[in-house]
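Let's take a friendly walk through this two-chain model. Please have the sequence and the 3D view at hand as you read.

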Amino acid sequence: MITVEGLTKSFGPVRAVDGISFELAEGEALALIGPSGCGKSTTLRMINRLIEPSAGRVLIDGVDTTGIPPATLRLRMGYAIQGIGLFPHRTVAQNIATVPRLLGWPRPRIAARVAELLELFGLPPAIFARKYPHELSGGQQQRVGVARAMAGKPAVLLMDEPFGALDPITRTRLQDEFLAIRRRMGTTVLLVTHDMDEAFKLADRLAVMERGRIVQLDAPESLLRRPASAFVESLIGSEDRGLKLLSLAGVTALMGPAMDWMPIGDGTFRKAGANVSLAPLSASASLREAASRLVFAGVDELPVIDEGGAIVGVIDMERIIAFGGGSR
Amino acid sequence: MAQRRGLLRIVAAGIAVALFSIMVLVPRAFERPLAALAKFGQPAIYDRDSILALTLSHIGLVIAASLAALVIALAIGIFVTRPAGAQYLPLARAVANLGQTFPPIAMLAVAVPLTGFGARPTLVALFAYGLLPIFENTIAGLKGVSPQVVEAARGMGMTGRRILREIELPLALPVIIAGFRVSIIVSIGTATIGSTVGARGLGEIIIAGLQADNLAYVLQGGVLVAMLAILVDLGLGFLERRARQPRSA
């Protein structure tokens, strides 16, 4: 568990970061989000002491890190940055092995860890281990950058706009991959981003920052339903926040009992008395996808099926609209 | 295209090696063509000393001075690119530039009263003259390393010393070698004038030729020095290219 207490950084009379405190539970992902210059990167860099704090402290599992030499401290914290910073003169495998080597792991253990991470990030070792960074695409380089940050099994993974320099399609794909890997490995993550969609997607909680302070720290749903200020509201984007809210919940949380729907054999379903057959929704779909499908098909309910193809419920527009209620 | 250039380099290197070895080991082989340049009764081939001994002495002078310049320029270049030494950068630059503003012959003239005749003043002049290119290229090479790469290394827990050794120096190496290449080539040429103050080297042949108005000597000495410079240039160029490209799987 990481505890940040009253972290402050002054540059002359200016307080770039002004008394930031938060806790990061084991396995949790927290996003620091805010506009440029709000102090989010400075906060991140104070946690691994790339910037020395003017005041405040950081505790790992209750132990104050102030007395630990910065280089030693950083070995316990993964660090992935925008633009990646891969070592151009070292192979992919050597890049990923950086922290394990600094930690003095025995050779076979390093090799096994490198192979494990390459597999995990969808880069088969046989093809990628001996390549140099300049031989990789942007997305592949970024994967290696994140794999390298995770290699030493850090207590926390610090990420500064890790997917910022990628095209939108590659970025989405990497976010999905990273989410799956994080869930599987239970990695604790502190993420800095200015992209609200990225924060909603990757983080369990969001700390919204404005001029060096945290103005709201909440789960995505609470942030959307109850923004603490006009600033938070504008950052969330007030126009499509209903849709954002829908993307946070899955259909299974809201669906009703399935009645009158029958499979007709070609993978589609038909409601008794109706004459159109419709493709069902997957149980893993979000409410946003459900709403989109309903609107597109021009119907007011759709069946939901599980992985085996069996019908598990129906979702209708009325329930989806009701989900938005309770927000102010 | 690149392949053809590589082939051309190998052929050039082969010719230079062959020509140079023959001139050094069997100087008499070129007696006939050089005789055409000598005046009647003059010897065409320098015979007051062994060409091999002169060549080795010349190379020894250049290597001693250049290695000393490399060590000092590298050390100062590294120091002034660290946060602690950054304030000394302008001073170090001024001193290194000073070495280059003096013509080498003036440097010799200043050095002789201090160190006496022989190899010593030549070493001083070559050393002072060789500092600047290595120093400037060390700085350029180290400053050319991507700040993101250094930041990533620091963020992962590498110490400053380790970053220098494992990241900055390897990445700056091609540029540093390029500086050393310029420095040593200049030294090979400049070392010839060391013979005016009694340093043993290939300059002796040229100076003897000039004094006796013997064009054959001048040409023999000149070609020897030129071949040596070309060979060193090719060799260091090869090292520079190797350091530049990571070999790929």
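We can begin with chain A, which is divided by its domain assignment into domain 1 (2-239) and domain 2 (251-324); such bounds come from an automatic or database domain assignment. The centres of domain 1 and domain 2 of chain A, taken over C-alpha atoms, are 38 Å apart.

A word on conventions: this is a predicted model, in which local features need pLDDT of at least 70 and side-chain atom pairs count only at pLDDT 80 or more, while totals for chains, interfaces and linings use all residues. Residues are numbered from 1 along each chain as its sequence is written, and chains are lettered from A and ligands numbered from 1 in the order in which they are written.

Chain A also holds an open sheet of three strands, ordered 14-15-16 with mixed pairing. Strand 14 and strand 16 of chain A are at the edges with a single partner strand each, so one side of each has no neighbour in the sheet. Strands here are DSSP runs of E with at least two residues, helices are runs of H or I with at least four, and both are numbered from the N terminus; two strands pair if DSSP finds at least two bridges between them.

| Strand of chain A | Residues |
|---|---|
| Strand 14 | 281-282 |
| Strand 15 | 301-305 |
| Strand 16 | 311-316 |

Strand 14 and strand 15 of chain A pair in the parallel sense over two bridges, and A:Leu281 has A:Val304 of strand 15 as its bridge partner. Across strand 14, strand 15 and strand 16 of chain A lies helix 13 (residues 287-297), at about 135 degrees to strand 15. Axes are lines fitted to C-alpha atoms, for helices over the stretch in contact, and angles run from 0 to 180 degrees between N-to-C directions.

Now for chain B, which has 10 helices and zero strands. Its C-alpha atoms fill a box of roughly 75 × 50 × 25 Å along the principal axes.

How do the chains meet? The contact takes 16 residues from chain B and 20 residues from chain A, where contact means C-beta atoms, placed from the backbone, within 7 Å. Helix 7 of chain B gives the largest share of the chain B side, six residues. For the complex, the predictor gives an ipTM of 0.78 and a pTM of 0.81.

Note on methods:
Contact = placed C-beta atoms within 7 Å.
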